[in-house]
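Please view the structure first, then read the points below.

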Amino acid sequence: MTDVPSTRLRVAIVGLGPSGAYAAGHLLANGDLDVHVDAFERLLTPWGLVRSGVAPDHPNIKTVTRVYDKTAADPRFTYHGNVELGRDISREDLLARYHAIIYAVGTPGDRPMAVPGEDLPGSAPATAFVGWYNGHPDHRDEVFDLSCRRAVVIGNGNVAIDVARMLTLTPAELGRTDMADHAMFALARSEIEEVVVVGRRGPEQAAFTNPELRELGVLAGADVAVSANEVTVPDAFREHAPSKASQRNLALLAEYATRGRRGHAKRIALRFLLSPTQIVGDRRVRGVELVRNRLERADDGSLRAHPTAARAVVSAGLVLRAVGYRGRPLPGVPFDAQRGVIANVGGRVVEPGGGPTREYVVGWAKRGPSGVIGTNKRCAQDTVRALVQDMVAGRLDAPIADAGAVRDWADDVASVPVTWADWETLDRHELQAGQRANRPRVKLTRVSDMLDVLHPAQREDQGSAVLARFWA
Ligand code: NAP
C-alpha cells in the first residue's frame with residue numbers, strides 16, 4: 001500500500017494507451033502540481049494501440065513505450081490493470097474519490113459502410129482484423145478465411161494500407177515481427193494472391209501517408225499495381241491547394257503506374273473513384289459490387305464522391321472495411337453520438353445541458369480517430385492545461401474520500417488485480433519467448449494465459465479443485 005498525502009490533487013485516468021500515458025506524463029511533469037495519478041486499464045496490458053494497433057512490421061513506432069515506461073516508473077503513478085469502467089468501477093465511484101477524471105479510452109468501434117451484405121461471413125471491419133493479427137484478447141478468436149484468391153480492402157487511409165501489407169507479407173517478413181502467433185501462422189499459409197484497395201475518391205484525396213505508400217513499392221513478395229488512367233487526375237478533380245503529402249503520393253502512384261510486374265507471387269492493386277454498393281454472396285462473401293464515382297465540388301470547396309451508372313462486381317472471398325474507427329459510449333459519461341466521441345469542448349467533458357464536470361478527455365475519444373501516435377502528446381497537453389486551469393480556479397474542489405481509503409479501494413477493485421510489476425513480468429515473459437524464437441516478442445493473447453504466467457500456483461490450485469470435484 002502506498003502512502004498518499006491527503007492534500008494531493010488526485011487524478012484518475014481511464015485507459016492507458018498513448019493518450020492516457022501522455023496525459024499522465026504531462027501531469028507528473030508539472031512542477032507546480034502535487035499530484036497522484038491512478039491509471040485504470042481494462043486489459044491486463046498497457047499501451048493501447050501501440051500494442052494492438054500499430055502494424056507488427058513497424059517496430060520503430062513501438063519504441064515510444066520507453067517514454068511511457070518512464071512515466072509509469074514515477075512513484076506518483078499507480079497502474080491498475082484488469083479494471084473496466086462499467087464492469088468493476090463506475091463514473092460515480094471515480095467522482096467520489098478523485099478531484100478529476102481523464103478518459104483516454106480511444107475509439108474501439110468501427111464505422112459501418114451501410115451497404116447490403118456487410119454482415120455476411122467473410123466481410124469484417126479492419127478493426128477486428130488488426131486486433132486479430134496484433135493479438136488483442138477481444139479479437140484473438142476471430143476467424144478469417146484466407147483460402148480465397150482475392151481480398152478487397154475498402155478505404156484509403158493508413159489502416160487500409162497496413163491491412164493490405166499484412167495480407168501480402170512473406171513468411172520470412174512475418175517471422176521478423178511481433179505479430180500474434182495464431183495470425184502469423186495463418187497468414188503464412190494464406191492463399192490470397194491479390195489484395196484490391198478501393199478508394200471512393202481520387203488519388204489526390206487519399207488519406208494514406210507517403211512512407212506507407214512508399215513501403216508498398218518495396219515489399220519482398222508483392223507487386224504494387226496502379227492504373228495510369230486512375231492516377232491521371234482531370235483538372236476538375238484537382239484540389240485547389242493540394243498538400244505536399246498528396247502531391248508526393250500522386251508522384252509515387254504515377255511511378256507505380258509505369259512499373260511492370262516484378263514477378264512477385266502476390267500483388268496489391270490500388271484502385272480509385274470506386275465505392276461498394278453491396279457485398280455479394282448468399283451464405284458468405286463472393287464479391288463486391290463497385291460503382292464508379294466522379295468528384296463534385298461541394299459548397300465548402302471539398303471534392304466529394306458521387307456515383308455514376310457504371311457498376312461491376314469484383315469477385316473476392318474476403319472484404320475488410322477500413323473506413324474509420326468510432327467511439328463507444330461509456331456508462332454514464334456524456335457522449336456525442338454524431339461525432340462518435342465523448343461530449344467535450346476542448347477536452348473538458350460537458351453535460352447535455354452544457355454544465356461543467358470534473359471530467360476530461362484526451363486522444364481519439366476527444367477528437368475522433370485521426371493523427372499518428374505523437375499527435376496525442378499535444379492533445380493530452382491541451383487537456384491537462386485545461387484541467388490545471390480549472391484546479392487553479394477552484395472548480396475541482398469537491399468533497400472526496402480521504403487518500404488512504406481511495407488507495408485501499410483502488411487496489412481492490414479488480415477481480416484479479418494487475419499491478420505495474422505484474423505487467424513487467426508479462427513483458428519480460430513475452431520478450432524472453434521472443435528471444436528464443438529470434439523475434440522481437442511472442443505475445444500472450446489470452447487473458448487466461450497471462451494470468452497463468454502471473455499466478456501459476458493459483459491456476460494449479462484451481463485445477464486441483466476442479467479435479468477434486470470431478471473425482472468426488
Ligand atoms: P482515415 O485516415 O480517416 O481513412 C479512412 C478512409 O476511409 C478514407 O479514405 C475515407 O475516404 C474512407 N471512407 C470513409 N467512409 C467511407 C465509405 N463509406 N466508403 C468508402 N470509403 C470510406 O482512417 P484510418 O485509416 O482508420 O486511420 C485512422 C488514423 O490512424 C489516421 O490518422 C491514420 O493516419 C492513423 N494511422 C497511422 C498509421 C501509421 O502511421 N503508419 C497506421 C494506421 C493508422 P474519404 O477521404 O473519402 O472520407
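A residue counts as near a molecule if one of its heavy atoms lies within 4 Å of it. The model is predicted. The ligand is surrounded by 21 residues, and the protein has two assigned domains, domain 1 (9-108 + 327-414) and domain 2 (110-324).

**Shell around the ligand**
- Among the 21 residues that surround the ligand, the closest are Asn-158, Arg-200, Arg-201, Glu-212 and Gly-371.
- By class, the shell is made up of nine nonpolar, seven polar and five charged residues.
- Helix α7 (residues 158-166) gives the most to this shell, with three residues.

**Backbone contacts with ligand oxygen atoms**
- A polar backbone atom of Gly-371 is 2.7 Å from an oxygen atom of the ligand.
- For Asn-156, a backbone N or O atom lies 3.0 Å from a ligand oxygen atom.
- For Val-159, the distance from a backbone N or O atom to an oxygen atom of the ligand is 3.1 Å.
- The ligand taken alone exposes 930 Å², and the protein buries 80% of that area.

**Domains**
- The ligand lies between domain 1 and domain 2, because both give residues to the shell around it.
- The C-alpha centres of domain 1 and domain 2 are 33 Å apart.
- Across the two domains, twelve residues of domain 1 are in contact with 17 residues of domain 2.

**Confidence**
- The protein has a mean pLDDT of 94, and 95% of its residues reach 70 or more.
- Residues 466-472 have a pLDDT below 50, and this stretch has zero contacts in the model beyond near neighbours in sequence.
- Where pLDDT is low, predicted coordinates should not be read in detail.

Terms used:
Residues numbered from 1 in each chain as written. Predicted model: local features only at pLDDT ≥ 70, side-chain atom pairs only at ≥ 80, totals over all residues. Heavy atoms only, no water. Polar contact = N/O pair within 3.5 Å; in protein donor to acceptor, adjacent residues only side chain to side chain. Areas by Shrake-Rupley, 256 points an atom, 1.4 Å probe, with all protein chains shown as cover. Helix = DSSP H or I, 4+ residues; strand = E, 2+ residues; numbered from the N terminus. Nonpolar A, V, L, I, M, F, W, Y, C, P; charged D, E, K, R; others polar. Domains from an automatic or database assignment. pLDDT = per-residue confidence, 0-100. Contact = heavy atoms within 4.5 Å.
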